[in-house]
Amino acid sequence: EEDLALLSGDGAFEDGDGFTGPAPVLAIVGRPNVGKSTLVNRILGRREAVVEDTPGVTRDRVSYPALWNGQRFTVVDTGGWEQDARGMASRVAEQAEIAVELADAVLFVVDATVGATATDEAVVRMLRRTRKPVILAANKVDDERGQLEAAVLWSLGLGEPRSVSALHGRGVADLLDVVIETLPEVSAIAGPVEEGGPRRVALIGRPNVGKSSMLNKLVGSERVIVDNVAGTTRDPVDELVSLGGRMWRFVDTAGIRRRAHQASGADFYAALRTQTALEKAEVAVVLLDASEVLSVQDTKILSTVIEAGRALVIAYNKWDLMEDERRHYLEREIERDLVQMTWAPRVNVSARTGWHAERLVPAMDKALASWDARIPTGRFNAFLGELVAANPHPLRGGKQPRILFGTQASSRPPKFVVFTTGFLDPGYRRFIIRRLRETFGFEGTPIELTMRIRE
Ligand code: GDP
Ligand code: GDP
């Protein structure tokens, strides 16, 4: 047996390992019993089964951090799909299709002792349509004699079959060299790396809504400044603030406190600050001035948060100035101008008096929990099935696009992909998102839904 000194384990990559950006993702695809789990264990340098398959239980994607020759990557194992009435071939092809969608490269595993089956060919047809790089592993080539069987797999048209024996480790090192060559250094697919530590908050809003007043109220005397890069005053500064018994990291607070210098070009710098703060933050608290009519700048800032894909809390500040007449109008204004953001928790506060400022904490918690949430593929497909059964897509020119299946591709924020036989009307897509919110909550987070149309 070859001894593969591979590094493995959860949390293998911490801050300071010298890697920047999310690790590239390698999806392992293939029909049952070709040796995917064995190969994954090989790659991770483990002996025991990665996950115990319980028959009849659908297991979702599982990712593991891996390292080869100083290059990190994420292995995504998509196995464990239940066989259903549609048969194994379509099931495996679906699984492969999802995996491909979510990966930077695909490792397609075929059992060389069996040769290419109809199921394998179904997967190949799907793989050919994608632009993702595919590496073909001919597994169970335990000795020289198997080489010939592996060579036959050239016929699949996926390039050179890389013969390996996942069981004995034969050829796995060479295969991993190819994997590393094929993968980009930083994933083009995976979301931002999850950093530990306090959750990061951007306190934003147009000039004069009360950002620095609110910051001062929240910070009180407990202010800890971090990231104060020496020298320039332009450097964003974060402050650690204890709220609700936990630390929160308010990002780019220097920009809030520097308002005296914002005389000229204020709008431009405000927009720039919003952008940089959002890049660093997980949740945005957007302050609006409750005593004034919602402005174009306010709605722009709110849209920026949604475009940036951050969790959102809306805080109506200066509530102490609220008058009954305005209060009545405000409700209508919310219905009219904030319809796209009715999912965002709203809190009425006063930065001046500190009234209800503590209510920001549960609102941020809720928004972040939704932002982090993951719906298992099985549940999402059950949801889609029920939705389509009750409300099929309207007929268009006698035809009806069908939703085949879907998956939540990522979280932070939640992104869903649905595979369809045709274009779904924007209205129908909005309907799906609305139903997603009704069914699963998602209060405080934007949701993305994309289609993949299969011919
Ligand atoms: P999966 O369903 O694709 O994850 O396949 P598994 O990893 O569970 O392997 C299925 C069976 O094939 C198991 O009995 C493995 O021990 C066996 N197997 C996997 N890799 C090899 C190999 O390289 N050579 C041989 N001879 N058997 C293998
Ligand atoms: P920023 O530009 O968003 O940082 O806003 P500031 O915190 O500097 O506030 C702008 C003005 O609004 C100041 O005069 C504050 O005193 C006032 N202000 C801020 N919050 C409140 C509030 O809750 N109620 C009232 N009445 N005034 C406030």
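Analyst: Take burial: a residue is buried if 20 or more other C-beta atoms lie within 10 Å of its own, exposed if 12 or fewer, and partly exposed in between, with C-beta atoms placed from the backbone. D252 counts as buried, because it has 24 C-beta neighbours inside 10 Å. This is a predicted model, in which local features need pLDDT of at least 70, side-chain atom pairs count only at pLDDT 80 or more, and totals for chains, interfaces and linings use all residues. Residues are numbered from 1 along each chain as its sequence is written, and chains are lettered from A and ligands numbered from 1 in the order in which they are written.

User: Where is D252 found?

Analyst: D252 sits in the loop between β10 (246–250) and α7 (253–257). Helices (H or I, at least four residues) and strands (E, at least two) are DSSP runs, numbered from the N terminus. The phi of D252 is positive, about 55 degrees, although D252 is not a glycine. Most residues other than glycine have a negative phi, and most peptide bonds are trans.

User: What is the phi of F442?

Analyst: F442, also not a glycine, has a positive phi near 55 degrees. F442 lies in the loop between α13 (426–440) and β16 (448–453). F442 is buried, because 21 other C-beta atoms lie within 10 Å.

User: And which residues does the cis peptide bond join?

Analyst: R412 and P413, with omega about 0 degrees. P413 is in the loop between β14 (403–410) and β15 (415–420).

User: Since you mention β14, what is the strand order in its sheet?

Analyst: The order is β14-β15-β16, an open sheet of three strands with mixed pairing. Two strands pair if DSSP finds at least two bridges between them. β14 and β16 are at the edges with a single partner strand each, so one side of each has no neighbour in the sheet. Neighbouring strands here are turned by 25 degrees against each other on average, direction ignored. Axes for such angles are lines fitted to C-alpha atoms, for helices over the stretch in contact, and angles run from 0 to 180 degrees between N-to-C directions.

User: Do β14 and β15 run parallel or antiparallel?

Analyst: Antiparallel, joined by six bridges. G406 has V418 in β15 as its bridge partner. Helix α12 (residues 377–390) lies across β14 and β15, at about 140 degrees to β14.

User: New topic, the ligands. Which residues are closest to ligand 1?

Analyst: G35, K36, S37, T38 and L167, out of 15 residues that surround ligand 1. A residue is near a molecule or strand if its C-beta atom, placed from the backbone, lies within 6 Å of it. Helix α1 (residues 36–44) gives the most to that shell, three residues.

User: Is α1 buried or exposed?

Analyst: Nine of the nine residues of α1 are buried, so α1 is largely enclosed by the rest of the structure. After α1 comes G45, with a positive phi near 75 degrees.

User: Which residues come nearest to ligand 2?

Analyst: G210, K211, S212, S213 and R352, of the 17 around ligand 2. Helix α6 (residues 211–219) gives the most to this shell, with three residues. By class, the shell has five nonpolar, seven polar and five charged residues. Ala, Val, Leu, Ile, Met, Phe, Trp, Tyr, Cys and Pro count as nonpolar, Asp, Glu, Lys and Arg as charged, and the others, Gly among them, as polar.

User: Back to strands. How many residues of β12 are buried?

Analyst: Seven of the seven in β12 (residues 311–317), so β12 is largely enclosed by the rest of the structure. A311, V313, A315 and N317 point one way from β12, and L312, I314 and Y316 point the other way.

User: How many bridges join β11 to β12?

Analyst: Seven bridges join β11 (residues 283–289) to β12, and the two strands run parallel. The chain goes from β11 through helix α9 (residues 296–308) to β12, a right-handed β-α-β crossover. Right-handed here means that, with the strands pointing away from the viewer, the path from the first strand over the helix to the second runs clockwise.

User: What about β13 on β12?

Analyst: β12 and β13 (residues 346–348) pair in the parallel sense over three bridges. Y316 stands opposite N348 in β13. β12, helix α10 (residues 324–337) and β13 make a right-handed β-α-β unit.

Definitions and conventions
Two residues are in contact if their C-beta atoms, placed from the backbone, lie within 7 Å.
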